[in-house]
Amino acid sequence: MSLPPCPQCQSEYTYEDGGQYVCPECAHEWNETETPAADEGLNVKDANGAVLQDGDTVVLIKDLKVKGSSMVIKQGTKVKGIRLQEGDHNIGCKIDGSAMNLKSEFVKKA
């Protein structure tokens, strides 16, 4: 019988203790009938701690250099219709028609 991976850290070393599963790596405990909170979606927050959602409009709080280019995106630039994604650069968007990935720590919700 295969046990489910940990919903927090995805460790495969979970074990069963009574009616609960336990992860030895992150110490997370969950009930076998409980739906994992990790499947509820991304929890992305802006620089002020406001929760962001797909389609939100954000404003840059800092000038950002574009990697591989001499272009700079200026502070105060408004970005509409963001998409949340996994990874270090957790916001996907288009700025001046070009696809960009931003870190949420450099934006605030408009």
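Q: In what order do the three strands of the open sheet come, and is the pairing parallel or antiparallel?
A: In this predicted model, the order is β9-β6-β13, and the pairing is antiparallel.

Q: Which strands are at the edges?
A: The edge strands are β9, residues 78-79, and β13, residues 107-109. Each of them pairs on one side only.

Q: And how many bridges join β6 to β9?
A: Strand β6, which covers residues 58-60, is joined to β9 by two bridges. The two strands run antiparallel.

Q: Which residue in β9 is the bridge partner of Val 58?
A: Val 58 has Val 79 as its bridge partner in β9.

Q: Changing topic: how many disulfides does the structure hold?
A: The structure holds zero disulfides.

Q: What is a disulfide, in general?
A: It is a covalent bond that links the sulfur atoms of two cysteines.

Q: Is Cys 6 buried or exposed?
A: Cys 6 is buried, with a relative accessibility of 0%. Cys 26, by contrast, is partly exposed, at 32% relative accessible area.

Q: What does Ser 11 contact, leaving aside its neighbours within four places in sequence?
A: Ser 11 is in contact with Pro 5, Cys 6, Cys 23 and Glu 25. Ser 11 lies in the segment before β1, a strand of residues 15-17, and is buried at 5% relative accessibility.

Q: What about Gln 10: where does it lie, and what is its phi?
A: Gln 10 also lies in the segment before β1. Its phi is positive, about 65°, although Gln 10 is not a glycine. Most residues other than glycine have a negative phi. Gln 10 is exposed, with a relative accessible area of 52%.

Q: And what is the phi of Asp 96?
A: Asp 96 has a positive phi of about 55° and is not a glycine either. Asp 96 sits in the loop between β11 (91-95) and β12 (98-102), and at 76% relative accessibility it is exposed.

Q: Last one: which residues does the UniProt domain annotation cover?
A: The unreviewed UniProt entry annotates residues 2-31 as "Protein YjdM N-terminal". In the model, that span is 0% helix and 30% strand, and its end C-alpha atoms lie 16 Å apart.

Note on methods. Residues are numbered from 1 along each chain as its sequence is written. This is a predicted model: local features need pLDDT of at least 70, side-chain atom pairs count only at pLDDT 80 or more; totals for chains, interfaces and linings use all residues. Side-chain values use heavy atoms; hydrogens and water are left out. UniProt positions are given in the numbering used here, feature names are shortened, and annotations may be inferred rather than shown by experiment. Helices (H or I, at least four residues) and strands (E, at least two) are DSSP runs, numbered from the N terminus. A disulfide is a pair of cysteine sulfur atoms within 2.5 Å. Buried means under 20% relative accessible area, exposed over 50%, partly exposed in between (1.4 Å probe, protein chains only). Two strands pair if DSSP finds at least two bridges between them. Contact means heavy atoms within 4.5 Å.
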